[in-house]
Amino acid sequence: MAAEPLLSGIRVLNLASVGPAARAGRWLADYGAGVVNVGAVPARGAVQITPVFHAYSGHRGMRRILLDLKADRGRETFLRLAEHADVVIESFRPGVTGRLGVGYEAVRARNPRIVYCSTTGFGQSGPYAQWAGHDLDYLAVSGYLAVGEPGARGNPALPGATVADSAGGGMHAVIAILAALVKGEGAYLDVSVADGVLSLMSLAVDEYLATGGEPGYQHSMTSGRYACYATYPAADGRWLAVAAIEPKFWANFCRLLGLEKWAAHQTDDAVQDRIRADVTAALAAKDRDAWISLLAGADTCVAPVLSVAELAEDPHYRAREAFVEAVHPEHGPLRQTAPLLAGMLRPDLPYRLPAGTHSPELLLEAGFTEAEIKELLEEGTVA
């Protein structure tokens, strides 16, 4: 594994504080990029409360500057910073950075090799481009909600994680940025969160495009139609996830539950309710972890449904170093999810979380004089 951070020397300006673009900045910083989060100067008397327990909003391994981009000198300050950057990330609605004077064309005029990533909900073009949205909206228009098992009221079930922000948007942005950096030329990247979720839905979407059959709940192998792919309660009220898609895994599962009679009927629609009832009754005989001891290592594709409290102490995640120690100068020590660092050694622990901004040092690095910095701070263009 590489001892040197894989993105060492890459400089990123990130105009996003939350959502997919902020997550993209988090992952780039984890791999060693020098990420600077550019926030707005707060209104007089306003109190900014940033949840330091989130790895990305707590600015772990990142630096921060606050600029008034609506002021001429604030815009010029940003453009001077961008002259020394490799990547700019923003998540305003389409057209906003152009009106502020910090859009792609303005930055490219100062730095032709810039990789400029605009991350929005629905992209820079199309009928939905100006829609406001959040994670659930992007999952809705991309088919994600329509193919899952319905909730208790027959409604599309809500996911327990921000899948669109993370995988559809943040990871989508990181992949595009890294591809542009490998190419070694300046680029403008139109990253749409909805497009990213649509890509995640390719199994269902490609099936429909090829066959014309709507791959909804009643047509999908992985949406709960069959008893072999479902969740079941154990005796102690905790839950088991069964994902025995392949016949060999299903046969192993049935044998260990004493239900060999159903091994040959895995996809027989006529008996799914009977199979489900028998599996439910069988699994109700033991506690969850007793079943895990019997089933998980026996090629059955069974896993425990862990609560957040359980996974935080889970031995597998501990062995994988999935959590790290961090120290905040005001809030003290805390645990956080660790960086995903495939192919790279972790930096020395604990992580240090910044309490304020790094405005003066960042401006000095960009070639501002101490007199200029003092003036910008005094007039409130930089905070």
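A: A disulfide here is a pair of cysteine sulfur atoms within 2.5 Å. This is a predicted model, in which local features need pLDDT of at least 70, side-chain atom pairs count only at pLDDT 80 or more, and totals for chains, interfaces and linings use all residues. Residues are numbered from 1 along each chain as its sequence is written, and side-chain values use heavy atoms, with hydrogens and water left out.

Q: OK, how many disulfides does that rule give?
A: The count is zero.

Q: C254 itself: buried or exposed?
A: Buried, with 2% relative accessibility. Buried means under 20% relative accessible area, exposed over 50%, and partly exposed in between, with a 1.4 Å probe and protein chains only. C117 is buried as well, at a relative accessible area of 0%.

Q: Let's zoom out. What secondary structure does the protein have?
A: There are 15 helices and 12 strands, taken as DSSP runs numbered from the N terminus (helices H or I, at least four residues; strands E, at least two).

Q: And what does the C-alpha trace span?
A: About 80 × 50 × 40 Å along its principal axes.

Q: How many of the residues count as buried?
A: The protein has 383 residues, and 41% of them count as buried.

Q: What share of the contacts join residues at least 24 apart in sequence?
A: It is 67% of the contacts between residues at least 6 apart in sequence. Contact means heavy atoms within 4.5 Å.

Q: How far is V107 from A277?
A: The two are 62 Å apart in space, C-alpha to C-alpha, and 170 residues apart in sequence.

Q: What about T97, where is it found?
A: T97 is in helix α3. T97 counts as buried, at 8% relative accessibility. Its contacts, leaving aside neighbours within four places in sequence, are E90, F92, V102, G103 and Y116.

Q: And T119, which strand is that in?
A: T119 belongs to strand β5 (residues 115-120). With 4% relative accessibility, T119 is buried too. Not counting residues up to four places away in sequence, T119 touches P20, A21, I89, E90, S91, A173, V191 and V193.

Q: Switching to helix packing: at what angle do α6 and α7 cross?
A: At roughly 100°, and the axes of α6 (residues 163-183) and α7 (residues 193-200) come within 8 Å. The two helices are therefore roughly perpendicular to each other. On the α6 side the contact is made by V163, A164, D165, A167, G168, G169 and H172, and on the α7 side by V193, D195, G196, V197 and L200.

Q: What are the conventions for axes and angles?
A: Axes are lines fitted to C-alpha atoms, for helices over the stretch in contact, and angles run from 0 to 180 degrees between N-to-C directions. Under 35 degrees is roughly parallel, over 145 roughly antiparallel, 65 to 115 roughly perpendicular, and the rest oblique.

Q: Last topic, backbone. What is the phi of D299?
A: Phi of D299 is positive, about 55°, although D299 is not a glycine. Most residues other than glycine have a negative phi. D299 lies in the loop between α11 (288-295) and β9 (302-304).

Q: And what is the phi of E321?
A: Phi of E321 is near 55°, again a positive value in a residue other than glycine. E321 is in the loop between α13 (315-319) and β10 (323-328), and is partly exposed, with a relative accessible area of 48%.
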